[in-house]
Each structure stands twice: as C-alpha cells, then as structure tokens.
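I opened my notebook to get to know a new structure.

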Amino acid sequence: MPLTISAQYGLINQNEFFDKRIASKDVSGYFLVRNGEFAYNKSTSSDAPWGAIKRLDRYESGVLSTLYIVFKICSNATYFEKLFVYAKFGNNNNPSDNAY
C-alpha cells in the first residue's frame, strides 16, 4: 500500500489522505516501511517547520517514495517518537536547547 507522510496524521495510506493514489503503478523502487519504522519528510509546513518525522503505527507495512528518508531505531523508539513530535527547535537548530 502506498503511503504518504502528513505532519498531522503521520504515515497514512495515500488513498485515505488524497482520495486517490499518487504513487506510480510500479512501486518496486520504493522503500518498504514496516510497522515501528520511521520516515522523514524534509518538506516544511506550518505544522512542521523542520519537516515531519513519523513512525508507522497504523499498518503492518507500506511503501514510500524514495523522496523520503526511512530509518529504524533499535532501542527506545517510543522516546524518539515523542521527541520528534514534541521538540521545539530554536533559531540555532540545537534541539537540546528548547526540547521539553
């Protein structure tokens, strides 16, 4: 199933988010994302001024365009998920200065 990343909804089925499929018919070159893995969308929005990092929790797996960065955290993934959602970044781009 082709996925997209939404700053508000996380990793979500393209058909649910866009009401249509955006991905090409051949997704053999796409990343396979498994439940518990993360993806980073570098595109900014008002909800995600530094881009969005989301963990796949809704589905067992899906495919994601190579425009995104996909990664897995082997220990304490829940901590990092919360950090990515709640961290506030200051002008100096140092998340430890303003994270809560």
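Predicted model: local features only at pLDDT ≥ 70, side-chain atom pairs only at ≥ 80, totals over all residues.

**Entry 1: strand pairing**

I began with β4 and β5, which run antiparallel and are joined by 4 bridges. I take two strands as paired if DSSP finds at least two bridges between them. My helices (H or I, at least four residues) and strands (E, at least two) are DSSP runs, numbered from the N terminus.

Residues are numbered from 1 along each chain as its sequence is written, and side-chain values use heavy atoms, with hydrogens and water left out.

Next I looked up β4 (residues 38–41) against β7, and found antiparallel pairing over 3 bridges. Together these strands make an open sheet of 3 strands in the order β5-β4-β7. β5 (52–55) and β7 (69–71) are the edge strands, each pairing on one side only. From one strand to the next, the twist averages 20 degrees; the axes behind such angles are lines fitted to C-alpha atoms, for helices over the stretch in contact, and the angles run from 0 to 180 degrees between N-to-C directions.

Which residues partner F38? In β5 the bridge partner of F38 is R55, and in β7 it is F71. I also saw Y40 standing opposite I69 in β7.

**Entry 2: aromatic rings**

I count a pair of Phe, Tyr or Trp rings (the six-membered one for Trp) if their centres lie within 6.5 Å; planes under 30 degrees apart are stacked, over 60 edge-to-face, and the rest tilted. That rule gives 3 aromatic pairs. The F17 and F18 rings are edge-to-face, because their planes stand at 85 degrees, with centres 4.9 Å apart. The F38 and F71 rings are stacked, because their planes are at 10 degrees, with centres 5.4 Å apart. This second pair links distant parts of the chain, with F38 in strand β4 and F71 in strand β7, 33 residues apart.

F38 is buried at 0%, whereas F71 is partly exposed at 26%. F17 is partly exposed at 34%, and F18 is partly exposed at 37%. I also found Y9, F17 and F18 in one aromatic cluster.

**Entry 3: the core**

A nonpolar core here is a set of buried Ala, Val, Leu, Ile, Met, Phe, Trp, Tyr and Cys residues joined through side-chain atoms within 4.5 Å. The largest one has 11 residues, including L3, I5, L11, I12, V33 and Y59. β1 (3–6) and β2 (10–13) are the elements that give two or more residues to it.

I then checked Y59 for contacts (heavy atoms within 4.5 Å). Beyond neighbours within four places in sequence, Y59 touches M1, L3, L11, I12, N13, E16 and N35.

**Entry 4: the whole chain**

Stepping back, I listed 3 helices and 7 strands in the protein chain. From the N terminus on, they run β-β-α-β-β-β-β-β-α-α. Of the 100 residues, 33% are buried.

Note on methods: Buried < 20%, exposed > 50% of the residue type's maximum accessible area, 1.4 Å probe, protein only.
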